[in-house]
Amino acid sequence: MLQSFLQNILNALQWGSFYSLIALGYCLVYGVLLLINFAHGDIFMVGAYIAFYCCMFLLGKFGVFAGLPGWMVLAVAVPLTMVLTAVVGVTLERIAYRPLRRKGVNRLYVVITALMCGLILENGNLALLGASRKSFPTLVPIKVFEIFGVTVTNIKLMVIGVAILSFLLLHFIVTRTKIGMAMRAISYDRFAVPLMGIPADTVIVFTFVLGSGFAGLAGLFFAMTYPVIDPYMGALIGWKAFIAAVVGGIGSIAGAFAGGFLLGFVEIMVVAFFPSTYRDLIAFSILLLILSIRPTGLFGVARRTKI
Amino acid sequence: MKRSWLIALFCVLGLASPVRAADTVKLGFNIPLTGDIPDVGESSKNAAEMLKKKINDAGGLKVGDKTYKVEFIYEDNESKAESALSATRKLITQDGVIGMVGPQSSKQAVPAAEAANELKTPMMAPWSTNPNTTKARPYVFRGCFLDTFQGPTAAKFATEEFKAKKAAVLYDIASDYPKGLAEDFKAAFEKINGPGSVVAFETFTTKDVDFSAQLTNIAKSGAEVLFVPQYYNEVPLIVQQAKSLGFNKPVLGSDSWGSGDLMGLCGDNCKGFFFVTHYAAAGAQGKTKEFIDEYTKLYKKTPDDVAALTWDGANLMLAALQSAGPLSGDLAKDREALMKAMAGIKKFEGITGNMSYPATGDHDPIKCAVVVKIDDAGKFAFYKSVCP
C-alpha cells in the first residue's frame, strides 16, 4: 500500500511536471499582458513536432549527415527546440496580437484571436503533415531502477528535474534581473512604463520568447515520455494547464508551478483509487473549491483596479 | 453576363445528372479519414478504391440485364460519433446512396446504424464488433465476429497459453468497443478461473496519455497477463509505461491492434505479444493471397484487417445487389430489395474466411478468429485459429 502510494507520488510528479511547464508559459504572458494566450497549448504541440524533426535530423534519419549518438542529440535538441518554438511564439505575437494591441482593442478580442491562432496551428499541422501519428525516436534508452519496491526510470527523473530547474530559472529571471523587473513593471502599469523609457515591445517579445521556449521544452520532454505525437495533443493539456495556472494564482510564477503539480497529484491519486471517469469530476471539484475559498488562487495577490 | 453563364451551367448539370444517375450505382463509405484513427479510414478507402477499379475496369456491375458503373462516395466521420451520424444522413438523404459501408469502429457504428435503420438504408459494418450495432436493426449487417465471441476467445487463450490464473484489464471506459470487450473478457476469464481472478480492472478516458496510476495498480496486483483491448495509438504508450513500472508479464490484445501503424509507433516494445483478430496477412493462400498481393502492389504496404473486411463487406453488398434483380430506379424500393437480398445470403466466401448468417435474428456472421503473434521482425504471424 505504502509502495503504491510512493509510486503514485512519483507518477504524479512526472505528470504534474508537464502541467507546470505549460502553466509557466500561460502565467508569463498573462502576468505581463493580462492576455490569456489560448494558443499556448498548441505552441506546446508545435514544440513537440519541432523537437521530433530536430531529433530525426540530428539522428541522421534525413540522410544529410551520419547522425549523432542519442545523448548528444538530446543536448543539441533542447536549445534548438526552445529557440525554434520561441520563433513560432514571437511570430504569433507579431502577426496576431501586436496589431490588435496597437489599435487598442478590448482584451476580449485578443483572447478570441488567441483561440483562433490555436485552431490555426492545430489544423495547419493537420493539413501539412496529415493526421497520422508520429513515433518519437528513443534518444536515451529507458533504464528502470527499483528502490524499495518503487520503480523509477531515468526519463522520469529527468522530466522532474527539468521542471524544477525551469521554475528556478524563470523565477530568477523575473525577480532578480533587469528585464524581469521591466516585465513586472509592464504588468503593473502598461501605460506608464513606456513613459519611463522602457521599450515595452521588446519586453513583450522577450516574454513570448520565454513562454514559448519553455512550451517547446515541455513538448520535447513530453514526446520523450509519451512517444506518440499528434496534432491534437496540445489542446486538452493546454486547457488543463491553464486551469492549473489560475488555481495557483495566475500571474505568479510560483503559483503556476505549484498549480501544475497540484493538478497532476489530484488526477493521479483519483485514478489510483477511483474509476477513471471520476478523475476530471473530482479534480475540478477540488480546484473549484480552492478557487471559491481563494478567488485569486493559491499564490495570487488581489489587485485593485483604479478607476 | 455572369448570371447567364451560371444558368447555362445549371441547365447542363440538370440535364446531365439524370443521365448519369441512370447507369451508376452509388455506395457510401462512412469512414474515419481524419481524427483519432486516420489509418483505419485510409485502409478502408484503399480497399474500396481497389474494388471500384476492379469492377469498373471489367465493364461494371451486372444487375438484372443492365450493367452499371459503381460509384463510391467517401464521407469522413472524423472518428467521432456525432460526425458519423451526420455523415450517415448526408450519404443517405443528399448523395442518394443505395447502401452504406462503415462506420468501422463501434463508437461510430452504433449510432450510425440507428440512423441508417431509421432511414431504411442497408448498412454494412465491416469491423464493428459491438453487439449493439446490429441488435434488432433489420437494415444493419455485420462483416466480422462479435465482442461476445472475441472476449471469451482471448480469455481462453490467456488461460491455455500463459497458464494464467490471474489477469488484469486496462481499457477506455468512454468508448463502446473497449468497454464491451473488457467486460466480456472479464466474465469469460472469471468463468474459467473463478470469481475474482481478474485482479485489476482499470479504466482510462479517451485521449489520455498517462496510464501510470492504473499500471501501478496492475503491476502490484500480481496479474500474470494484461488484456488491452485498445487501438494502435494507445497500445504503444500503455506497453511502454507498463515496462517502466516494472510489469514484465505478457500483454494480450484484440483485433483493434491489427489496424493502423502499430509497429511503426510501438517498435520493439510490442514484439512477442499476441492479439486476437480477423485474419493474418502472413501465410495467406488462395483468394486472400491474391488480394494481399494486389493491394501490396498498389499501395506499397500489407493490407490490415480493416482493408480486408471492407473489401468483403462491400463485395457482399454488391453481390446481394446483383441477386436483388433489376433496379427500379426508386431508391426506397431498391434499398428495401437490397436489404432483403442481403438477409437472404446464408453463406458468403470472403477473403477473411467463410461467413454464414443465421436465418433469423440479428445479421451477425459466424466466423473463426485468428490469434496472431507479433514476431521478432515485427510481422503479424498466424499462431492459432479459434472457431466457435
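**Notes on helices and core**

1. In this predicted model, helix α6 of chain B is followed by B:Gly194, whose phi is positive, near 90°.

2. Helix α6 of chain B covers residues 176-193, which is 18 residues. At 1.5 Å a residue the helix should span 26 Å, and its end C-alpha atoms are 26 Å apart, so expectation and model agree.

3. The buried residues of α6(B) include B:Asp176, B:Tyr177, B:Pro178, B:Asp184 and B:Phe189. Also buried in this helix are, among others, B:Leu181, B:Phe185 and B:Ala188. Among the elements covering them are helices α4 (106-118) and α5 (147-162) of chain B, together with strands β7 (167-172), β8 (198-204) and β9 (225-228) of chain B.

4. The largest nonpolar core holds 216 residues; A:Ile22, A:Leu24, A:Tyr26, A:Ala48 and B:Leu226 touch the most other members. Helix α1 of chain A (residues 2-33) supplies the largest share, 17 residues. From chain B, at least three residues come from each of domain 1 (2-145 + 285-357) and domain 2 (147-277 + 371-386).

5. Leaving aside residues up to four places away in sequence, A:Ala48 touches A:Gly219, A:Leu220, A:Phe222, A:Ala223, A:Ile229 and A:Met233.

6. The unreviewed UniProt entry places the feature "transmembrane region" on chain A at stretches including residues 12-36, 43-65, 71-92 and 203-229. In the model, residues 12-36 of chain A are 88% helix and 0% strand, with end C-alpha atoms 26 Å apart. Residues 71-92 of chain A are 100% helix and 0% strand, and there the end C-alpha atoms are 32 Å apart.

Note on methods
Residues are numbered from 1 along each chain as its sequence is written. Chains are lettered from A and ligands numbered from 1 in the order in which they are written. This is a predicted model: local features need pLDDT of at least 70, side-chain atom pairs count only at pLDDT 80 or more; totals for chains, interfaces and linings use all residues. UniProt positions are given in the numbering used here, feature names are shortened, and annotations may be inferred rather than shown by experiment. Helices (H or I, at least four residues) and strands (E, at least two) are DSSP runs, numbered from the N terminus. A nonpolar core is a set of buried Ala, Val, Leu, Ile, Met, Phe, Trp, Tyr and Cys residues joined through C-beta atoms within 7 Å. A residue is buried if 20 or more other C-beta atoms lie within 10 Å of its own, exposed if 12 or fewer, and partly exposed in between; C-beta atoms are placed from the backbone. Domain bounds come from an automatic or database domain assignment. Two residues are in contact if their C-beta atoms, placed from the backbone, lie within 7 Å. The expected span of a helix is 1.5 Å times one less than its number of residues.
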